[in-house]
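Biologist: I would like to learn how to read a structure like this one, feature by feature. Could you walk me through it?

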Amino acid sequence: MERVLKLLEPPVTDPDRTRGYLDLLPEGPGDDSIAQRLMRSSALPQIYERLWRPALIGLAKGPLGPSTAQEMALIRDLLALSPGDVVLDVACGPGNVARALAPAVGEAGLVVGLDASASMLDQAVMETGRSPYRERLEFVRADAVSLPFHAGCFDAVSCFAALYLFDRPFEALSSMARVLRPGGRLAILTTRRLPGIGPLNDVFGQVSGVRMFGDDEVTAALAERGFTEVRRRTAGLMQFVAGVRGS
Ligand SMILES: C[S@@+](CC[C@H](N)C(=O)[O-])C[C@H]1O[C@@H](n2cnc3c(N)ncnc32)[C@H](O)[C@@H]1O
């Protein structure tokens, strides 16, 4: 945990580490949508990686979308990781993406998984205890909208299956851009609006807490934040967006 402590801004001298992760969010997040309450439940983290994610994200990606294994290969490709890299996985849930990235950073590298849900992080810590890469994985409880790290301290940032849950997703994107070093890569998997149903996308979003992003909304937001090589690939109701932080 000492390596993560050095990345924190503002510095935190004695954070709560009793649950195996650094807890910087003792008050808990304020957001109370249906989706967010599910993420904080104790039951979902236990079935998330093996049942919930393959079923729901699989359905949203559509029959021609990438499998979970292909998705993890795609994220490694989009982030172009090298040994020694320091990576942030925003909204890591039970740590599934963070663990998939860990082999690529080598023994000198570090993957920091960040999430707001204590129950998701409990699961992440438990699952990671069985990983051969556990020495290079650390977890932090904090809000993705205001990431508690030094500017430019990460070589790569991922945010998969989560941007649509944030109450201020564009502030979260600014925060991700801030903590990435110039030339560092960002990879996102988020939702896209269902064509042909117009405002019903917004009604669905308000009821469920799952925001549906327009086709150019996330790519444009990255370009506005100075990202270059911005690219996008769609899969059903999901979109993969990636870019390189400009200098
Ligand atoms: C569906 S899970 C995604 C897990 C993983 N990234 C994946 O691709 O499977 C969404 C996660 O976002 C987290 N989350 C939602 N809002 C957040 C916020 N404002 N800050 C940090 N994490 C948040 C939830 O707690 C949940 O664990």
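Modeller: Gladly, and we start with a definition: a residue is buried under 20% relative accessible area, exposed over 50% and partly exposed in between, using a 1.4 Å probe and protein chains only. Helices (H or I, at least four residues) and strands (E, at least two) are DSSP runs, numbered from the N terminus. This is a predicted model, in which local features need pLDDT of at least 70 and side-chain atom pairs count only at pLDDT 80 or more, while totals for chains, interfaces and linings use all residues. Residues are numbered from 1 along each chain as its sequence is written, and side-chain values use heavy atoms, with hydrogens and water left out.

Biologist: Which residues cover the two faces of β2?

Modeller: In a regular strand the side chains alternate between the two faces of the sheet. Here, Val86, Leu88 and Val90 lie on one side of β2, Val87 and Asp89 on the other, and all are buried. Since five of the five residues of β2 (residues 86-90) are buried, the strand is largely enclosed by the rest of the structure.

Biologist: Which strands does β2 pair with, and in what sense?

Modeller: Two strands pair if DSSP finds at least two bridges between them. β2 runs parallel to β3 (residues 110-115), joined by five bridges, and Val86 stands opposite Leu110. Right-handed means that, with the strands pointing away from the viewer, the path from the first strand over the helix to the second runs clockwise. β2 also pairs with β5 in the parallel sense, over three bridges, and there Val87 has Ala156 as its bridge partner.

Biologist: How many bridges join β5 to β6?

Modeller: Six, and these two strands run parallel; Phe160 is paired with Leu189 in β6. Together with helix α7 (residues 169-179), β5 and β6 make a right-handed β-α-β unit. The pairing of β6 with β8 is antiparallel, over seven bridges, and Ala187 has Ala242 as its partner in β8.

Biologist: How many residues are in the largest nonpolar core?

Modeller: A nonpolar core is a set of buried Ala, Val, Leu, Ile, Met, Phe, Trp, Tyr and Cys residues joined through side-chain atoms within 4.5 Å. The largest one has 80 residues, and Leu88, Val90 and Phe166 are among those with the most contacts inside it. Not counting residues up to four places away in sequence, Phe166 touches Val90, Ala91, Ala144, Cys159, Ala172 and Met176.

Biologist: And where is Asp32?

Modeller: Asp32 is in the loop between β1 (22-23) and α2 (34-40), and it is partly exposed, with a relative accessible area of 48%. Leaving aside neighbours within four places in sequence, Asp32 contacts Arg37 and Arg40.

Definitions and conventions. Contact means heavy atoms within 4.5 Å.
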